[in-house]
Amino acid sequence: MTATFLIVGEALTDIVVDAGGNRREHPGGSPLNVAVALGRLGHRCHLLTHIGCDERGDAIRDHLAESHVVLTAASTGDHPTSTAAATLDASGAATYEFDLTWDPDPAGLPEQVQAVHASSIAAVLDPGARTVTEVLRRCRATSTISYDPNVRPTLMGTRAAVRERVEANIALSDVVKASDEDIAWLYDTDDLEDVVASWRELGPGLTVMTRGAEGAVGFSSGGRVQVAPVVVDAVDTVGAGDTFSAGILDALAARGLLGAAQREELHAMPADDVATVLRRASGLAAITVSRAGANPPWSHELT
């Protein structure tokens, strides 16, 4: 089932340096990657972001258009497009350094969307984070809210301050997905599953932790659900978590569970349905892992 989404967050230029020192630039940013993944899966997708009228901004606009993502009316401004330098190690894992300006204008948002997704730096870094919170609160009356903390410690601030902001966003959300690394940094604990399970007490109906090569675990009213990873020859992990988030939303759309009117039904999802959702997300993320960069699959690539 096709759905209409609003994604809120940063779009920037990833400057990727591989283990051999080779450098390349391409559009990136966690929210942008989620939007691209949903657009490629055939959904109607709008992106509220903050990019410049420069060559890097042009490349982002072209990339979004190719993946059928529509920029909101005020997403382009008279400022440089932000960048993120991603350095890959021998395993393909990335570490990031950012040059980011984040102050989006929420004018011209689509009137009706089934779900809104926010993630990463945009939901924590002021002044734009206040806009993200405003949009989530405004849309919650009609839309499913999805959130991925996608922690970037070098940019977001102190652990305590970030955790407070993250938990405030979780309280506005119906679906929350985070990586094991995110949770370990936020809470400085080894009891990661306890943290993810406890997030449901703040309000979400579905909370999910991805664990890389160990698969994913989800918590809902049906209890704990664990799914195995889809094994592929990994090229790098860039964009894998973002594709997983898009995969959750795609699977919920297929089950008719998006929109505020379906909130109770989503929150009451049985364990078997949660497993189906997580397997869909894992399969899509595995395709992204199997190729270089944040390159989510198109619908015609899926079997």
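View 1. Arg138 counts as partly exposed because its relative accessibility is 44%, where partly exposed sits between buried (under 20% relative accessible area) and exposed (over 50%), using a 1.4 Å probe and protein chains only. This is a predicted model, so local features need pLDDT of at least 70 and side-chain atom pairs 80 or more, while totals for chains, interfaces and linings use all residues. Residues are numbered from 1 along each chain as its sequence is written, and side-chain values use heavy atoms, leaving out hydrogens and water. Arg138 makes a salt bridge with Glu134, with the closest N and O atoms 2.8 Å apart; the term means a side-chain nitrogen of Lys or Arg within 4 Å of a carboxyl oxygen of Asp or Glu. The two are four residues apart in helix 3, so about one helical turn separates them. Glu134 is partly exposed too, at 40%.

**View 2. The buried side of helix 3.** Helices (H or I, at least four residues) and strands (E, at least two) are DSSP runs numbered from the N terminus. Among the buried residues of helix 3 are Val132, Val135 and Leu136. Their cover includes strand 1 (4–8) and helix 5 (159–171).

**View 3. Arg165 meets Asp126.** These side chains form a salt bridge at 2.7 Å, N to O. The pair ties helix 5 to the loop between strand 10 and helix 3, 39 residues apart. Together with Arg130, Asp126 and Arg165 belong to a network of salt bridges.

**View 4. Asp273 meets Arg255.** Here the salt bridge is 2.9 Å, N to O. Asp273 lies in helix 10 (residues 271–289), and Arg255 in the loop between helix 8 and helix 9.

Key:
Contact = heavy atoms within 4.5 Å.
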